[in-house]
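Subject: Structure handover

Hello,

Here is the structure for your files. My notes on it follow below.

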Amino acid sequence: MRKLEGRVALVTGAGRGIGLATAHKLAAEGANVVLNDLDEATVRDAVRSLLDAGAEAGSVLGVAGSVTDPDFSTRFVDAAIARFGTVDILVNNAGYVWNTAIGRMSDEQWDAMQDVHLKAAFRLLRTLAPHFKAWANDGRPQRKVVSVSSIAASRGLAGCVAYAAAKAGIIGLTRSLAREWGAIGVNVNCVCFGYIDTRLIQEIKPDGETSVDIAGRQFRVGLPKEMIDDIRVRVPLRRPGKAEEAAGAILLLCLPEADYISGQAIEVDGGGV
């Protein structure tokens, strides 16, 4: 039997990259997956990719929308419960980067990073709190929360103070909630990623900057080739991680083998940066 057979997993930011790879791994282990991304087309494509990979019809549900919307957490959790009756796993993955030196950083930029990386996770956990307490003795296996942080949270990253501060908040949230929810059978952990090969660290091409669209606004992403080459030198494994490898770390914390792991911030960075 697959290790997550019949369990219900929520994954934010699951339209591409680490989130989509995580949704695939959870589904491959038998979980019903409720996935989210910003727009309907991206969500439809993600749902179709899971079904094409072998997920059973009816086992995947897509919910479009921004995790920063005030009503998102309720809408997301309610959709999962309406379809599957419960929630067993939450993966807080959604996010993006908007970096600059602190002297040029606006309140809007600071707030945007806190909202998408930290406040959105808090809202989802707050929404799930009464459900998890009510389900504490329902006979299902231990429930899991895995949130995505970054090595920037523990080591710092120049020009990235808002992002790093929000990701550090994820670590504090994780460790505190693990103490609060241990008695109701919920494991709470986070993974702190180093350089993972997603669009956020793709090489900036000579013909111009690369950007991503967040709610109709363009944000510059990517790294110069010399920085990517430097990563290959500094990381002991001599390469960035793959999205599937990052997702593997998340999956490990969702499996029964991790039932006695809680309150941890696990660095996944190829041996150090």
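Is Phe72 buried or exposed? With a relative accessibility of 0%, Phe72 counts as buried (buried is under 20% relative accessible area, exposed over 50%, partly exposed in between, with a 1.4 Å probe and protein chains only).

On the source: this is a predicted model, in which local features need pLDDT of at least 70 and side-chain atom pairs count only at pLDDT 80 or more, while totals for chains, interfaces and linings use all residues. Residues are numbered from 1 along each chain as its sequence is written, and side-chain values use heavy atoms, with hydrogens and water left out.

Sheet and helices

Seven strands make an open, parallel sheet, ordered E3-E2-E1-E4-E5-E6-E9. Helices (H or I, at least four residues) and strands (E, at least two) are DSSP runs numbered from the N terminus, and two strands pair if DSSP finds at least two bridges between them. At the edges are E3 (60–64) and E9 (265–268), each of which pairs on one side only. E4 (residues 89–92) and E5 (residues 143–150) run parallel and are joined by four bridges; Leu90 has Val145 in E5 as its bridge partner.

Helix H4 (residues 107–134) packs on the sheet and touches E4, E5 and E6 (186–193), with its direction at about 170° to that of E4. Axes here are lines fitted to C-alpha atoms, for helices over the stretch in contact, with angles from 0 to 180 degrees between N-to-C directions; contact means heavy atoms within 4.5 Å. Helix H3 (residues 72–84) lies across E1 (8–11), E2 (32–37) and E3, at about 160° to E3.

Cores

The largest nonpolar core has 40 residues (a core is a set of buried Ala, Val, Leu, Ile, Met, Phe, Trp, Tyr and Cys residues joined through side-chain atoms within 4.5 Å). Among those with the most contacts inside it are Phe132, Val145 and Trp181. H4 gives the most to this core, nine residues. A second, separate core of 36 residues includes Leu4 and Leu253.

Aromatic pairs

The whole structure holds three aromatic pairs (rings of Phe, Tyr and Trp, the last by its six-membered ring, with centres within 6.5 Å; planes under 30 degrees apart are stacked, over 60 edge-to-face, the rest tilted). Phe72 and Phe76 are stacked, because their ring centres are 5.0 Å apart and their planes at 25°. Phe76 is also buried, at 0% relative accessibility. Phe132 and Trp135 form a tilted pair, 6.3 Å centre to centre with 55° between the planes. Phe132, Trp135 and Trp181 form one aromatic cluster.

Regards
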